[in-house]
Amino acid sequence: MSRSMLCCVLVANLLLLASLTTRADQVYRYHRCSEFDEYFESKSAYAAHLDTVLSTFSSLDQTNNGFYNLSLGQDEDQIISIALCRGDVSESSCLECIKFGTADLPPRCPSQMIGIVWYDDCMFRYTNWYLFRSLDEGSYVVQPLSNGTIDSSHAEAFNKQLYSLLEALRDRAADGNSTLKFAAGSTSFTGSSGRIDAFVQCIPDLDQMQCASCLDHAFRDIVVSIPGRAGGRVLGASCSLLFNVTRAL
């Protein structure tokens with residue numbers, strides 16, 4: 001093999017490795033597309049607006065506290081897009097996650113007018129209906145974490161302390177400003193070596209009551225969907241939460 005060909009192969013391998021590393025760094029959690037037959041034509045105004053949205057979000061160079069929104073078009077051609085980073089991630093991680101989402105979501109929802117994807121570090125979404133400053137309680141996804149269950153002898157006390165922590169975090173997050181509604185904290189589990197860590201977050205353009213209502217809905221979903229679990233997350237279009245026991249009870 002000639003030296004020039006060898007160099008080309010090495011460069012190609014390095015580019016592939018960089019691509020795989022970038023993909024691996026973004027921990028995918030879930031996605032949803034249009035629930036009805038809401039598709040757009042490749043040459044439509046909606047398609048052009050979506051291209052502009054993807055280009056704009058992929059070119060971001062500052063985090064704005066991790067919250068961005070953009071609306072283009074009118075009526076049936078309107079597209080509204082939102083990107084929200086987890087409130088405690090770094091600026092570079094936030095931008096990397098959003099840029100990754102702009103490339104990752106469209107193939108997951110090909111030619112569909114609605115798409116949302118969640119990663120560990122951010123959420124990216126576009127839709128054809130108005131959502132700024134509005135509460136969307138129809139897109140919750142509840143997932144248990146892989147760290148087992150709470151022993152039945154501790155369950156009642158654990159639930160009380162978990163809900164007390166989540167309610168305190170809810171109030172702190174809801175009191176946030178128009179660019180950040182996020183709160184994280186922990187509590188020791190009485191009579192045990194366990195500790196509960198948690199965070200909650202709302203889309204920051206929600207008002208205080210909307211944020212609190214969204215998180216209350218998420219709390220109820222945990223009770224119904226993953227009772228007795230030592231960790232879980234709720235992924236929502238308007239709010240999210242995560243809790244985890246860092247040491248076994």
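1. Where is the place of Arg-133? In this predicted model, Arg-133 sits in the loop between strand 5 (122-127) and strand 6, where helices (H or I, at least four residues) and strands (E, at least two) are DSSP runs numbered from the N terminus. At 53% relative accessibility Arg-133 counts as exposed, the classes being buried under 20% relative accessible area, exposed over 50% and partly exposed in between, with a 1.4 Å probe and protein chains only. Arg-133 touches Asp-205, Leu-206 and Gln-210, residues up to four places away in sequence not being counted, and contact here means heavy atoms within 4.5 Å. The C-alpha atoms of Arg-133 and Leu-206 are separated by 5.0 Å, although the two residues are 73 residues apart along the chain.

2. On conventions, residues are numbered from 1 along each chain as its sequence is written, and side-chain values use heavy atoms, with hydrogens and water left out. Because the model is predicted, local features need pLDDT of at least 70 and side-chain atom pairs count only at pLDDT 80 or more, whereas totals for chains, interfaces and linings use all residues.

3. The largest nonpolar core has 40 residues, and those with the most contacts inside it are Met-123, Phe-158, Val-200, Ile-203, Leu-215, Leu-241 and Phe-243; such a core is a set of buried Ala, Val, Leu, Ile, Met, Phe, Trp, Tyr and Cys residues joined through side-chain atoms within 4.5 Å. Among the elements that each supply at least two residues of this core are strand 3 (79-85), strand 4 (115-119), helix 4 (155-174) and strand 9 (231-235). Domain 1 (23-127) and domain 2 (140-247) both give residues to this core, so it lies between them, the domain bounds coming from an automatic or database domain assignment. A second, separate core of 26 residues includes Tyr-46, Leu-50, Ile-79 and Leu-105.

4. Strand 8 is mostly covered, with six of its eight residues buried. Strand 8 pairs with strand 7 (residues 181-188) in the antiparallel sense over eight bridges, and seven bridges join strand 8 to strand 10, again running antiparallel; two strands pair if DSSP finds at least two bridges between them. Thr-187 stands opposite Ile-196 in strand 8, while the bridge partner of Val-200 in strand 10 is Leu-241.

5. Ser-240, which is found in strand 10, is buried with a relative accessible area of 16%. Leaving aside neighbours within four places in sequence, Ser-240 is in contact with Phe-199, Val-200, Gln-201, Leu-215, Val-234 and Leu-235.

6. The 18 residues of helix 5 should span 26 Å at 1.5 Å a residue, and the end C-alpha atoms are 26 Å apart, which agrees; the expected span is 1.5 Å times one less than the number of residues. The buried residues of helix 5 include Gln-210, Cys-211, Leu-215 and Phe-219, and what covers its buried residues includes strand 6 (141-144), helix 4 and strand 7. At the start of helix 5, a side-chain oxygen of Asp-207 reaches to within 3.1 Å of the backbone nitrogen of Met-209.

7. Cys-94 is found in helix 3 (residues 91-108) and is buried, with a relative accessible area of 2%. Leaving aside neighbours within four places in sequence, Cys-94 is in contact with Thr-63, Gly-66, Cys-85 and Val-89. Cys-94 and Met-123 are 29 residues apart in sequence and 9.9 Å apart in space, C-alpha to C-alpha.

Note on methods:
Polar contact = N/O pair within 3.5 Å; in protein donor to acceptor, adjacent residues only side chain to side chain.
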